[in-house]
Amino acid sequence: MRQLLTAGLQTLVIGTLACVAAASASAADEYEYDLVHSSVSFKARHLDISWIHGRFNDVSGKFSLDRQDPSKSTFELTIKTDSVDTANAARDEHLRQPDYFDTKQYPTITFKSTSTKPIDGGYEVTGDFTMHGTTKQITLTLMGGKEHVFKNVKRVAFSTELALKRSDYGFDPKAIGPIGDKALIMIDCEGVQK
């Protein structure tokens, strides 16, 4: 009888631990980048008198949002460099060449988070940013995170801006001059729950 009780208690404890583990594992919601309602755009100075604006049309990504333990949240983004679009076909083709994005050798720009912490109105996300074959650690300030359910699908959105120097990522220094070294990147991301 005692052995049966002991076995029963062990089963109960194991079952409880399994339920706790399952609940913990499911605390994070998974989202996919919604290309239709998101954008990655940029601007750079031209002759230091005006701005050239552009965007990338082929972007994908995903993020995992853990409201109970934000440090477990993760973010990933992949940009196809040959989808650069500045509303000028000749300039876009030039930007794909080796003196700029060199899209054949470096087909993607990526970001993968390594740590996340909550801040007022969003999250501070640090991760590895890779562009033009060079990886650097950067920190993004993601503002937003409000949930909205539309047609039974939960959505969450974030926005961020960052400033980068092309010279830090190995771009051809001869191509830095008429178009400024510094580029501002604006990301508006709406995620759709999987």
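Ring pairs join Tyr31, Phe63, Phe75, Tyr123 and Phe158 into a cluster. This is a predicted model, and nine aromatic pairs turn up in the structure.

**The Phe42–Phe56 pair**
- The ring centres of Phe42 and Phe56 are 5.4 Å apart and the planes meet at 40°, so this pair counts as tilted.
- Because Phe42 belongs to strand β2 (residues 39-46) and Phe56 to strand β3 (residues 50-56), the contact ties together parts that are 14 residues apart in sequence.
- Phe42 has a relative accessibility of 11%, so this residue counts as buried.
- Phe56 is buried too, at a relative accessible area of 6%.

**The Phe56–Phe101 pair**
- Phe56 also forms an aromatic pair with Phe101, and this one is edge-to-face, with 5.6 Å from centre to centre and 80° between the planes.
- Distant parts of the chain are linked here: Phe56 sits in strand β3, while Phe101 sits in the loop between α2 (89-95) and β7 (108-119), 45 residues apart.
- With a relative accessible area of 12%, Phe101 falls under the 20% cut-off, so Phe101 is buried.

**A charge over a ring**
- Which residue lies over the face of Trp51? Lys43 does, at 4.5 Å from the ring centre.

How values were computed
Residues numbered from 1 in each chain as written. Predicted model: local features only at pLDDT ≥ 70, side-chain atom pairs only at ≥ 80, totals over all residues. Heavy atoms only, no water. Phe/Tyr/Trp six-rings, centres within 6.5 Å; stacked < 30°, edge-to-face > 60°. Helix = DSSP H or I, 4+ residues; strand = E, 2+ residues; numbered from the N terminus. Buried < 20%, exposed > 50% of the residue type's maximum accessible area, 1.4 Å probe, protein only. Lys NZ or Arg CZ within 6 Å of the ring centre and 35° of its normal.
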